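Here is a briefing to read alongside the sequence and the 3D view. Topics run from one residue to the whole fold and then to the chain contact.

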Amino acid sequence: MDFLRNLPFFCIMLAMFTGIVSSAVSGRAARRLTLAMVTAVLVMSALTLVYAEQAGESTTYLMGHFPAPWGNEIRFGTLEAFLALYFAIIMLLSVLGGWSHAVIDIEAGKENLFYVLIDLMMSSLLAMIYTNDLFTGYVFVEINTIAACGMIMIRQNGHGIVAAIRYMVMSLIGSGLFLIGISLLYDVTGHLLMVPAHSAVEQIVADGTYIVPLLVIIVLISVGMAIKSGLYPFHSWIPETYGYATPTASAILSSLVSKGYIILLIKIFYRVIGFDTVISSHVLNALFAFGVIAMIMGSVHAILQTDCRRMIAYSSVAQIGYIYMGIGLGTKAGMVAAVFHLLTHAATKSLLFISAVGLYEVSDGRTDYLGLRNAGFRNRVAGLAFSVGALSMVGFPMLSGFISKYLFATAALEKPHKMLITLAALIISTVLNAIYFLRQVVTIYSGRPGEAVSTGRFIKEAIAESTFSERFASIALVLLNLFLGLFSEVVINLISRGLDLFA
Amino acid sequence: MSRIRDNYKSSPAGRFEAWYKDGYDPMDDRMDIHIPTQTEEDYDPADVIAELDLEDTVYDRTANRALRISGYIYKILSIVLCVVMIGVLIWMVQYLPAFGQPDNPVNNEVSARYIGSGVQETGAINFVTGMILDYRAFDTFGESCVLFIATICVQILLRYDEGEKDPENVRRRHQAATDRLFEPKNDIILQKVSVVLVPLLFIFGIYIILNGHLSPGGGFSGGAVIGAGLILYLCSYGYSKTERFFTIRTFRIISLAALITYCLAKSYSFYTGANHLESHIPLGTPGAILSSGLILVLNICVGSVVACTMYAFYTLFRKGDF
């Protein structure tokens, strides 16, 4: 049983090892290796979760022979293990759902490189979840950024390259701010490991020395991570990136990459700076304000789009806004709601991107929302999956989106001076969500069942192309959504216990 | 009169003046600048330019008024943001601990142990190497993977495969080829200098890597020196000579072997460390060339990865191939 504490370390190393090996094999073999690796990570994370639940406390694991302030460390509790498990599930389903398109979108001979990127992305996400060291966090943020860039530009048309450049510039600004923040933190605390850095920060707060640098550090780290995860005024890279990348890349980028940064930010808030210090610095109010603006503006932009995937991408801007609004409430209930919404969004956005592409397949390659008319009848699985995803985003009961909106609303009640704004933003944003998502859902089911935009022969071939794995991934993600909606009590308990272990 | 002028022109002074006034090239007829002709390589200069205007074809700024205006606003806001950022950072610097004071927060038990017992614990005389390859080896593995993934991304963007069938890619391969034909080849100065310098650079790079645990240096710096040597050799002698010992196959084998060795060696070390097992790796006598346990091996791995990465970047940017 005690052997299980090695598993998080095995997961990270296995992912990196697979990435290195994949660079030397064929595309098909690389894909199988990746799928095997992600499945192994999934199983190991599940066992880690069992171990963490039984231990009831967080476990620190030395990466080397030297303890806390000297050597690297990883650390895992309930929440970390659960997030690793969840991210592995989403990663597996995204790869399964999009690989038939990846074969078409990627130049011949470079397919294995795409899976190298996915492997290293997985390792960096795991390391960002598990790390107990600020600089390890930064190194893996770097890997994550470069891997994401590669995933965007692997589809080498004009849009892909421009999107990759935009993403790279914005993301590097974010990394730069984060790095400056860490350097300053090291300058005033003298530590990079989270536990000693936390006690040094507490000392600083008690003594009142270096209060100004501490404030700047909190601002720099928050803004850096906000830029990287695409909070509203820094969202300009999102529509291009999610809208034109290959479907697997869109699903992974929207549902995992931006979430990894948010997890790291939450970790730094709780484990390094201390949540009370963050609250008293009023930085959270800024995050709250931008989150609320993002909720409204993202949805307004989404209504203006005609391209279906760009619309989903702008909806991501709004959903990231929800998460930051939850963090910005500055209460534990708000944080639980934010983490829950993070899970909701991860499941729903990957579902939407994969099923939207399933609808494109049967619509003669048209991508505008009117071009998808009747597509729900032509590809029934994709139509069903898209409808479930859209209803979940709108907040339909039984689906996960409803629970996260409910959690946000109840969390807002604890904060009298933010309550009215939060509730108003939730209502407006829900209405706007309903406008563009239901418009799309109605469109894909409108018209007579037999009506088609193109010849019957084309449709038959296209449905044959929509592989079994794509349908499997869509249905699995629908079930995941239902699970989060119906058994939310379990997940919320888990999150709240995990957050207690953070502090 | 004209006769004197002729003599002057052919005299050393005349030649000096002509060279000084930019009318004469001492390397005339001795350098092989190969100017392509249309028949040899049918290319269209517009093709090369078309790629540069990528952004304009994707987003037509001249036609889209809203995009143009938001572009202006964007520029102004960026400048304002930069100025604010600079102001805040400068204002904050005065509250930071003064530079180089003994009682600064960074002078704590962490650096004390690195300096005080680093030699006994890691076996490396060079503290920095001991720190990055033993105390914080996980971060350094991450850094090597950053280099690795950067090469992967450059390959995705720039590599052209020989067996390419897609006409669009064949055309792009052609475009890249036209760029290369203008480059000078067989430059005699470069060749003579590199005869002396390249062996020195290789030996010096190997020295830096192997002595990484004893003296300043290590895998990153030594690898960079070897990479520079490879690039210099390539510049002066061209691909036909370099490909005799360095192809994409060599690159793959070296970087794969180095990273896998690093991964397995450090996995073993992390596993034993975390489970409080004996690692059975002798540290040796500090100061000897064969000492400090895994650090020497890791330095060689990091050095190979860095050298390969530098060479790969250069050749991918120049040719899109190895």
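In which helix does A:Met194 lie? A:Met194 belongs to helix α7 of chain A, residues 194–207. This is a predicted model: local features need pLDDT of at least 70, side-chain atom pairs count only at pLDDT 80 or more, and totals for chains, interfaces and linings use all residues. Residues are numbered from 1 along each chain as its sequence is written, while chains are lettered from A and ligands numbered from 1 in the order in which they are written.

**A:Met194**
- A:Met194 counts as buried because it has 22 C-beta neighbours inside 10 Å. The cut-offs are 20 or more other C-beta atoms within 10 Å for buried, 12 or fewer for exposed, and partly exposed in between, with C-beta atoms placed from the backbone.
- Leaving aside neighbours within four places in sequence, A:Met194 is in contact with A:Asn132, A:Asp133, A:Leu134, A:Arg271 and A:Val272. Contact means C-beta atoms, placed from the backbone, within 7 Å.
- A:Asp368 is 174 residues from A:Met194 along the chain, and their C-alpha atoms are separated by 48 Å.

**Fold of chain A**
- Chain A has 21 helices and two strands. These are DSSP runs numbered from the N terminus: helices are H or I of at least four residues, strands E of at least two.
- The C-alpha trace spans about 75 × 55 × 45 Å along its principal axes.
- Of the 503 residues, 64% count as buried.
- Among contacts with a separation of 6 or more, 79% join residues 24 or more positions apart.

**Nonpolar core**
- The largest nonpolar core holds 245 residues; those touching the most other members include A:Met91, A:Leu117 and A:Met151. Helix α14 of chain A, residues 332–361, gives this core its largest share, 18 residues.
- Such a core is a set of buried Ala, Val, Leu, Ile, Met, Phe, Trp, Tyr and Cys residues joined through C-beta atoms within 7 Å.
- Not counting residues up to four places away in sequence, A:Met151 touches A:Leu117, A:Ala245, A:Ala249, A:Ile252 and A:Leu253.

**Contact between chains A and B**
- Chain B contributes 46 residues and chain A 52.
- On the side of chain B that touches chain A, α9(B) supplies the largest share, 15 residues.

Terms used
Contact = placed C-beta atoms within 7 Å.
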